[in-house]
Amino acid sequence: MSSLGMDRNGDVRSASEFKEIFGETGNSYGPYKCPFCEVPFEDRCIVTECVKAPHFKLPNGTAHRNGCNGEAGDGVTAGANAPSEASKRTVVGKIEIPEALVRRRKASSVRKPGDDGLGAPPDAIEIVRRRRLIDSDKTISSCFTTSQLRPIVHAYKRLRKHAYEQAVAAGLERGSAAYNARFREILDAHDLSLYKQKLTYGSAFQGSRLSPWHVERVYNGSGKVLAENDCLVIKDMNTWPRQLKSRDLIPFEIKVSKALASDAPTSLLRALAELEHIAASGGEVEWWAYGVPLLQGQKFELSVDSLDHIYWIGQHQR
Ligand SMILES: [Zn+2]
């Protein structure tokens with residue numbers, strides 16, 4: 001089982017990234033190969049919904065060649081860790097649980113200029129060169145990652161339902177201290193890293209009952225979408241405590257800039273058009289946003305720096 005693969009264009013990405021591209025565009029760029037020794041790979045859970053995290057596997061009866069083990073880096077440690085990382089990956093019922101929110105990045109490339117992959121397979125020296133070349137970002141290559149909130153919010157909702165069912169099945173009364181403890185324990189058992197902040201599904205999310213943390217979290221609420229100058233603004237229907245345990249409640253707004261980078265993926269253009277449409281028709285959304293709410297005068301304002309960092313229930317991806 002490998003987490004890195006090379007597509008038919010020679011682009012090297014993690015299986016999670018290929019899954020995200022498929023989710024956004026409906027395109028698969030297989031067949032995939034090992035980026036280092038170029039032996040063919042089978043893809044798993046990339047173009048199909050699946051209980052496992054996306055990954056690549058060698059077809060039965062095949063093996064990596066010339067000393068390759070399918071992992072980036074200098075070898076010994078990275079290669080030895082990967083299988084155990086993969087096997088302790090948690091799958092709850094039919095829930096795929098992303099483990100990290102990471103920045104979108106460009107694909108890596110390992111072939112030398114002019115190499116179209118059709119010649120002789122890479123020799124041992126070339127394999128070592130390629131393995132050192134790939135930046136071995138452990139988060140990206142060893143976890144189930146995503147650069148969008150959508151799969152994280154879906155996993156969170158399903159995990160909460162699962163925790164509720166488990167607590168009820170254990171005979172705990174809803175709202176009791178024991179119920180709350182069991183519920184929280186289940187959520188906390190699932191790691192969620194938000195751009196390297198090591199959190200859990202129990203600690204990464206926050207709604208209007210608590211004063212916003214002064215750090216990045218996934219905040220959520222519901223409210224009306226309005227167009228204001230160069231922004232779209234979601235005004236949360238609830239007021240939020242200005243300070244910890246304070247009764248001083250103030251408005252909370254999400255700001256989304258209408259200016260997108262010129263190379264923004266079409267999925268983000270569509271998401272923006274959809275939010276503008278909701279604003280034009282005076283609609284409301286149940287929203288989820290990643291960022292830091294800042295106190296601006298008499299309200300909290302959370303400016304999302306990318307449409308990847310806002311999700312609303314019903315958002316279409318394509
Ligand atoms: Zn290989």
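Colleague: Which domains does the domain assignment give for the protein chain?
Modeller: The assignment gives domain 1 (4-146), domain 2 (151-200) and domain 3 (205-312); such bounds come from an automatic or database domain assignment. Residues are numbered from 1 along each chain as its sequence is written. Please note that this is a predicted model, in which local features need pLDDT of at least 70 and side-chain atom pairs count only at pLDDT 80 or more, while totals for chains, interfaces and linings use all residues.

Colleague: How many residues does each side give to the contact of domain 1 with domain 2?
Modeller: Domain 1 gives 13 residues and domain 2 gives 12 residues. Two residues are in contact if their C-beta atoms, placed from the backbone, lie within 7 Å.

Colleague: Which elements give two or more residues to the side of domain 1?
Modeller: Those elements are β7 (95-96) and β8 (100-101). Helices (H or I, at least four residues) and strands (E, at least two) are DSSP runs, numbered from the N terminus.

Colleague: And what is that side by class?
Modeller: The side of domain 1 that touches domain 2 has 7 nonpolar, 4 polar and 2 charged residues. Here Ala, Val, Leu, Ile, Met, Phe, Trp, Tyr, Cys and Pro count as nonpolar, Asp, Glu, Lys and Arg as charged, and the others, Gly among them, as polar.

Colleague: Some totals, please. How many helices and strands does the protein chain have?
Modeller: The chain has 7 helices and 22 strands. Its C-alpha trace spans about 70 × 50 × 30 Å along the principal axes. Of its 318 residues, 34% count as buried; a residue is buried if 20 or more other C-beta atoms lie within 10 Å of its own, exposed if 12 or fewer, and partly exposed in between, with C-beta atoms placed from the backbone. Among contacts between residues at least 6 apart in sequence, 63% join residues at least 24 apart.

Colleague: Now the helices. At what angle do the axes of α5 and α6 cross?
Modeller: The axes of α5 (residues 149-169) and α6 (residues 177-188) cross at roughly 140 degrees and come within 9 Å of each other. Axes are lines fitted to C-alpha atoms, for helices over the stretch in contact, and angles run from 0 to 180 degrees between N-to-C directions.

Colleague: Is the crossing left-handed or right-handed?
Modeller: α5 passes α6 in a right-handed crossing. A crossing is left-handed if the near helix is turned anticlockwise from the far one by less than a right angle, and right-handed if clockwise.

Colleague: Which residues make the contact?
Modeller: From α5 they are Leu159, His162, Ala163, Tyr164, Gln166 and Ala167, and from α6 they are Tyr179, Arg182, Phe183, Ile186 and Leu187. By class, these residues divide into 8 nonpolar, 2 polar and 1 charged.

Colleague: What covers the buried residues of α1?
Modeller: The cover includes β1 (4-6), β2 (11-14), β5 (55-57) and β10 (145-146). In α1 (residues 15-25), the buried residues are Ala15, Ser16, Glu17, Phe18, Lys19, Glu20 and Ile21. Gly26, with a positive phi near 75 degrees, follows α1.

Colleague: Where does Pro31 lie?
Modeller: Pro31 is in the loop between α1 and β3 (32-33). The peptide bond from Gly30 to Pro31 is cis, with omega near 0 degrees.

Colleague: Why does Asn229 count as exposed?
Modeller: Asn229 is exposed because 7 other C-beta atoms lie within 10 Å. Asn229 sits in the loop between β14 (217-228) and β15 (231-236), and its phi is positive, about 50 degrees, although Asn229 is not a glycine.

Colleague: Last one: is Tyr311 buried or exposed?
Modeller: Tyr311 counts as buried, with 26 C-beta neighbours inside 10 Å. Tyr311 is in strand β22 (residues 310-312). Apart from neighbours within four places in sequence, Tyr311 is in contact with Leu149, Arg150, Val153 and Trp288. Tyr311 and Pro151 are 160 residues apart along the chain, with their C-alpha atoms separated by 9.6 Å.
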